[in-house]
Amino acid sequence: MADTIKNWEKMRQALQLSGAELRELAQHFRKSAEDALEGKESSLSALRTYLGLPTGRETGTFLALDFGGTNVRASRIRLMGEQGFAVESKVAKPLKCADYDYTASSKTADELFDFIAAIVKEAADGNHDYKLGFTFSFAVDQTSAKDASLIAWSKEIAVPGVAGQSINGLLKEALVRAGLDRIEPVALLNDTTATLLSSVYQHNPSRIGIVCGTGFNMCYYEPALQMIVNLEAAGFDGGPATVWDRLVDEASQLPGDHPFEKMIGGRYLSEVCRVVFGEYLKRDIPYFTTRDMNELISGQQTAEELLGFAVSEEEQEGLCALVRAVFARAAQLIGAASFGLLSHLAEDKGFTEQSIAIEGSLVEKIKGVPSLIEDAICVFCMAPTENTRIHVIPNSNGASVGAAIAAALCR
């Protein structure tokens with residue numbers, strides 16, 4: 001028993017990050033962001049979105065389209081300024097099911113966008129005069145807030161004929177084919193930018209937007225450019241990788257790609273945990289999900305139910321402690337990266353109380369993560385003399401509401 005407890009405690013400590021390590025990571029992240037901004041070599045990007053921040057007084061009814069993964073969502077959203085917003089209709093459909101597959105290479109660009117247009121038609125309730133904002137979370141070449149061309153698909157989408165094409169151009173053509181010529185796509189952005197827009201519209205003093213669901217990304221408002229900058233933060237190379245992180249990376253589809261995301265994103269946290277469990281229990285561990293991890297530490301599922309074999313009480317305790325350590329580390333990494341951006345924005349003027357806009361399952365479904373992010377910033381990274389509160393504000397409607405706000409800004 002003593003050896004078992006000692007083994008998991010040693011592994012838990014290997015996943016913990018000290019204040020010194022978090023501050024070092026924050027400095028590295030800040031320098032990487034500033035290098036990217038200046039056009040120097042960096043593991044981060046500084047992609048211009050051409051979108052500023054809303055005033056919170058924008059009004060009107062807009063269509064919002066969200067396409068960034070396995071589902072397509074279209075909404076009709078009424079922006080009411082000081083009174084907030086109302087989601088008047090919402091339609092969501094998967095790209096792939098038993099009856100069809102719009103991710104496949106056998107589908108054409110027109111077929112994919114006709115499928116999307118049909119969802120918009122249902123949300124719009126017919127052909128009416130609406131401006132539409134499109135949250136499109138794939139790699140794009142963007143030269144204005146109104147449109148961008150696809151660089152390459154990801155997330156297992158293989159539809160040919162879209163790369164290099166105008167995204168809103170393809171959407172507009174599909175809308176016309178669907179009899180929706182009065183609907184005009186006027187804005188294109190990613191989910192991280194949309195999250196920041198949504199938070200600011202709701203009168204949160206936010207300058208940083210984060211998405212940490214299946215994947216991970218960050219953006220921030222750059223005063224020098226007077227616009228939001230997308231960092232593509234999944235690619236940051238300054239995370240303190242353990243031997244378990246390296247094993248997960250080596251087994252991934254693209255080794256060496258998106259190293260920071262592989263320590264934070266929901267797609268990878270379960271794999272980190274699985275290789276940690278394998279070393280702890282000295283046996284092969286079946287695949288499980290990040291949701292399973294959360295159910296284990298919340299008591300909704302036992303380790304035996306998760307793993308399919310019996311474990312001792314001491315091993316159950318150790319497995320739960322290791323899951324918490326993996327989640328806590330992800331939160332601390334987000335906090336340290338956020339502090340790096342806060343330091344850039346503060347320059348030498350000192351920090352001001354503000355919020356960080358964040359969307360995704362890591363903060364919305366796993367208890368305690370927002371507080372761990374705040375502690376990483378305010379307790380471990382910030383000097384005691386600063387004593388400035390930074391609040392993490394989960395934003396579950398960010399992608400859709402942000403798209404509507406972008407449409408209002410670009411109409």
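Tyr268, Leu269, Ser270, Glu271, Val272, Cys273, Arg274, Val276, Phe277, Gly278, Tyr280 and Leu281 are the buried residues of helix H7. They belong to a predicted model. Twelve of the 16 residues of H7 are buried, so this helix is largely enclosed by the rest of the structure.

**Helix H7**

- The length of H7 fits expectation: at 1.5 Å a residue, its 16 residues should span 22 Å, and its end C-alpha atoms are 23 Å apart.
- Leu281 lies in H7.
- Leu281 counts as buried because its relative accessibility is 13%, and buried means under 20%.
- Leaving aside residues up to four places away in sequence, Leu281 touches Leu307, Phe309, Glu315 and Leu319.
- Ser338 is 57 residues from Leu281 along the chain, and their C-alpha atoms are separated by 35 Å.

**Helix H3**

- H3 covers residues 109–124, and its 16 residues should span 22 Å at 1.5 Å a residue. Its end C-alpha atoms are 22 Å apart, which agrees.
- The buried residues in H3 are Ala109, Leu112, Phe113, Phe115, Ile116, Ala117, Ile119, Val120, Ala123 and Ala124.
- In an α-helix there are 3.6 residues a turn, so residues three or four places apart point the same way.
- The buried residues of H3 pack against strands S2 (59–67), S3 (71–80), S4 (85–94), S5 (130–136) and S8 (183–189). They also pack against helix H4 (167–177).
- Asp125 follows H3 and has a positive phi, near 60°.

**Annotated domains**

- An unreviewed UniProt entry lists "domain: Hexokinase N-terminal" at residues 9–201.
- Over residues 9–201, the chain is 33% helix and 28% strand. The end C-alpha atoms of this span are 44 Å apart.
- UniProt, again in an unreviewed entry, places "domain: Hexokinase C-terminal" at residues 207–409.
- Residues 207–409 are 50% helix and 14% strand. Here the end C-alpha atoms lie 17 Å apart.

**The second largest pocket**

- The second largest pocket has a volume of about 190 Å³.
- Its lining has 14 residues. Gln16, Ala325, Ala328, Arg329 and Gln332 lie nearest the centre.
- Three helices each supply at least two lining residues: H1 (2–15), H10 (313–346) and H12 (369–381).
- H10 gives the largest share of the lining, with six residues.
- By type, the lining residues of this pocket are eight nonpolar, two polar and four charged.

**Histidines with positive phi**

- His203 sits in the loop between helix H5 (191–201) and strand S9 (206–212).
- Phi of His203 is positive, near 70°, in a residue other than glycine.
- His203 counts as partly exposed because its relative accessibility is 41%.
- His258 is in the loop between helix H6 (243–251) and helix H7 (266–281).
- His258 is not a glycine, yet its phi is positive, at about 55°.
- With a relative accessible area of 30%, His258 is partly exposed.

**Glycines in loops**

- Gly69 lies in the loop between S2 and S3.
- Not counting residues up to four places away in sequence, Gly69 touches Leu95, Phe138, Lys155 and Ile157.
- Gly69 and Ile157 are 88 residues apart along the chain, and their C-alpha atoms are separated by 8.7 Å.
- Gly179 is found in the loop between H4 and S8.
- Gly179 counts as partly exposed, at 39% relative accessibility.

Note on methods:
Residues numbered from 1 in each chain as written. Predicted model: local features only at pLDDT ≥ 70, side-chain atom pairs only at ≥ 80, totals over all residues. Heavy atoms only, no water. 1 Å grid on protein atoms, 1.4 Å probe; cavity = no way out; pocket = protein on both sides within 12 Å on 5 of 7 lines; lining within 4 Å. Points joined across faces, edges and corners; volume = space filled by probe spheres on them. Helix = DSSP H or I, 4+ residues; strand = E, 2+ residues; numbered from the N terminus. Nonpolar A, V, L, I, M, F, W, Y, C, P; charged D, E, K, R; others polar. Expected span 1.5 Å × (residues − 1). Buried < 20%, exposed > 50% of the residue type's maximum accessible area, 1.4 Å probe, protein only. Contact = heavy atoms within 4.5 Å. UniProt positions renumbered as here; feature names shortened; annotations may be inferred.
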